[in-house]
Amino acid sequence: MAAKSQTVLVVEDETSIASFVALYLKNAGYGIRAVGTGQEALDSLARERPDLIVLDLMLPDLDGIEVCKRVRQTSDVPILMLTARDEDVDKIIGLEVGADDYLTKPFNPRELVARVKSILRRSVPERRELQTRQITHGKLEIDAGRREVQVGGEEIQLAPKEFDLLWELLDHRGLVLTRDQLLERVWGYTFAGDTRTVDVHVRQLRRKLGEASPIVTVWGVGYKVAPARDAAPA
Ligand code: CA
């Protein structure tokens, strides 16, 4: 069961989906507040300060991305986005929008509950956040205590999951990690068939780190970190 008094704000105008999501989360022990528009979501956030928001992308007034951006101006409450379209995924998890995770409709309600639990568990500072470990790999420097990534001395902004994924790979240099292993270690769950989340985050990391990205695809298996190239000036 979830910790007492944790509340999830469900933002979805389709009442059948909203009540289905609410039912499963209630059964998992969460308090639920459900609203059907973006504006109500922002009002509810200010008034009731939920512990997590499940936010549908398609809403009748403000869309989920706009709601997410506005929420982020005042709050770092975890946000799990729901979307019907695969092509929105890169945008949703990118730092510009700031969602913590996403699910594509139709989704399995047990998976929704697993993700909500995982996000809430992670939002409590623990394990690696308390460590002050650093890894240097070529031009890449990662500080797990401060959660900072630098390339050649310049800080790169990563979303929380992108950071965790990069750390996990670097922390296992020399090993190939499968998508399932990465899903379990970084996201805290395994759910058959949705390892695509890992691929999306790897794509974001490669985009943000450019040629400093050490991540190599091992076809049919997963990912690993390439040996560091000489970091000496060119
Ligand atoms: Ca909707």
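In the protein chain, 59% of the contacts between residues at least 6 apart in sequence join residues at least 24 apart. The model is a predicted one, and its chain holds nine helices and twelve strands. Of the 234 residues in the protein chain, buried residues make up 50%.

**Helix 1**

Helix 1, which covers residues 15-27 and so has 13 residues, reaches 18 Å from its first C-alpha to its last, close to the 18 Å expected at 1.5 Å a residue. Its buried residues are I17, A18, V21, A22 and L25, and because they cover an arc of only 130° around the axis, they are placed on the same side of helix 1. As background to this pattern, an α-helix has 3.6 residues a turn, so residues three or four places apart point the same way. The exposed residues T15, S16, K26 and N27 are carried by the face of helix 1 turned away from its buried side. Just after helix 1, G29 takes a positive phi of about 100°.

**Helices 8 and 9**

The buried residues of helix 8 are R179, L182, L183, V186 and W187; seen down the axis of helix 8, they fall within an arc of 100°, so they line one face of the helix. How do the axes of helix 8 and helix 9 pack, in angle and in distance apart? Helix 8 (residues 179-187) and helix 9 (residues 196-209) pack at an angle of about 80°, and their axes are 9 Å apart, which means that helix 8 is roughly perpendicular to helix 9. On the side of helix 8 the contact is made by R179, L182, L183 and W187, and on the side of helix 9 by T197, V198, D199 and H201. By residue class, this contact of helix 8 with helix 9 divides into four nonpolar, two polar and two charged residues. Helix 8 is followed by G188, whose phi is positive, near 80°.

Helix 9 also contains R203, a residue that is partly exposed, with a relative accessible area of 45%. The C-alpha atoms of R203 and I215 are separated by 9.7 Å, the two residues being twelve residues apart along the chain.

Is S44, in relative accessible area, buried or exposed? S44, which is found in helix 2 (residues 38-48), is buried, with a relative accessible area of 1%. Leaving aside its neighbours within four places in sequence, S44 is in contact with L9, R33, R49 and P50. One of these contacts, R49, lies in the loop between helix 2 and strand 3 (52-56).

**Backbone geometry in the loops**

Most residues other than glycine have a negative phi, and most peptide bonds are trans. Against that background, R49 has a positive phi although it is a residue other than glycine, and R147 likewise has a positive phi although it is not a glycine.

A cis peptide bond joins K105 and P106, with omega about -5°. P106 is found in the loop between strand 5 (101-104) and helix 5 (109-123).

Conventions
Residues are numbered from 1 along each chain as its sequence is written. This is a predicted model: local features need pLDDT of at least 70, side-chain atom pairs count only at pLDDT 80 or more; totals for chains, interfaces and linings use all residues. Side-chain values use heavy atoms; hydrogens and water are left out. Axes are lines fitted to C-alpha atoms, for helices over the stretch in contact, and angles run from 0 to 180 degrees between N-to-C directions. Helices (H or I, at least four residues) and strands (E, at least two) are DSSP runs, numbered from the N terminus. Angles under 35 degrees count as roughly parallel, over 145 as roughly antiparallel, 65 to 115 as roughly perpendicular and the rest as oblique. Contact means heavy atoms within 4.5 Å. Ala, Val, Leu, Ile, Met, Phe, Trp, Tyr, Cys and Pro count as nonpolar, Asp, Glu, Lys and Arg as charged, and the others, Gly among them, as polar. The expected span of a helix is 1.5 Å times one less than its number of residues. Buried means under 20% relative accessible area, exposed over 50%, partly exposed in between (1.4 Å probe, protein chains only). The arc is that of the directions from the helix axis to the C-beta atoms.
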